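I open this notebook to record what I looked up in the structure below. The entries run from single residues to the whole chain.

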Amino acid sequence: MGTAKPLSPLSERATRRVRRRFNVPGGAASLAGVCDFVEAAASASGFDDRTSHACQLAVCEAVENIIQHGYQGDRGDIDISTRSAPGALTVEIVDRAPAFDPTRYPVDPSASLRDARVGGRGLLMIRRVMDDISYERRGRQNILRLTKNRTFTGV
């Protein structure tokens, strides 16, 4: 019988790069699992609770948009992968819904979340929370990358 090795301090654990994958079988009931998945990845990046929560909101909003607008409520898989490193989190969301590039969707950067037009609040929130957003269409797949590199300062 071996002895249990104590967990290393958070600062030591956060120096490792961690990759995780999660499949969402399209449906709103999957969002709780998405939040838990992103929370674990944000924790591995060393983010505080506030920054972790902001990342969860941004990713869940993107996934909900795919379910609601991309798949139009029909079932469709969404694959999510994360890369965690000290102070950095990248979330990649891949789906096979019709092409939609959220980086080209016009959003008034000076608008408040309260004043943003209906249908644009989620994208505005994602852009305010995440530090980098990129999109590419590869074959029949949408690939959305959301990156957080610093502490969340508020919306």
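**Entry 1: An aromatic pair**

I looked up Phe22 and found a relative accessibility of 26%, so Phe22 counts as partly exposed; buried means under 20% relative accessible area, exposed over 50%, and partly exposed in between, with a 1.4 Å probe and protein chains only. The model is predicted: local features need pLDDT of at least 70, side-chain atom pairs count only at pLDDT 80 or more, and totals for chains, interfaces and linings use all residues. Residues are numbered from 1 along each chain as its sequence is written, and side-chain values use heavy atoms, with hydrogens and water left out.

I searched the whole structure for aromatic pairs and noted two. Rings of Phe, Tyr and Trp (its six-membered ring) pair if their centres lie within 6.5 Å; planes under 30 degrees apart count as stacked, over 60 as edge-to-face and the rest as tilted. Phe22 and Phe37 are stacked, because their ring centres are 5.1 Å apart and their planes stand at 20°. Phe22 belongs to strand S1 (residues 18–25) and Phe37 to helix H2, so the pair ties together parts 15 residues apart in sequence. Helices (H or I, at least four residues) and strands (E, at least two) are DSSP runs, numbered from the N terminus. Phe37 has 9% relative accessibility and therefore counts as buried.

**Entry 2: The core**

I then turned to the largest nonpolar core, which has 30 residues. Such a core is a set of buried Ala, Val, Leu, Ile, Met, Phe, Trp, Tyr and Cys residues joined through side-chain atoms within 4.5 Å. Among the residues with the most contacts inside this core are Val34, Val59, Val63 and Leu146. At least two core residues each come from H2 (31–44), H3 (49–70), S2 (77–85), S3 (88–95), H4 (121–129) and S5 (141–148). H3 gives the largest share, nine residues.

For Val34, I listed the contacts (heavy atoms within 4.5 Å). Beyond its neighbours within four places in sequence, Val34 meets Phe22, Val24, Val59, Cys60, Val63 and Ile80.

**Entry 3: A loop residue**

Is Ser45 buried or exposed? Ser45 is buried, at a relative accessible area of 3%, and sits in the loop between H2 and H3. Residues up to four places away in sequence aside, I found Ser45 touching Ser84, Ala85, Pro86, Gly87, Ala88 and Leu89.

**Entry 4: The whole chain**

I recorded four helices and five strands. Of the 155 residues in the protein, 41% are buried. Of the contacts with a separation of 6 or more, 62% join residues 24 or more positions apart.
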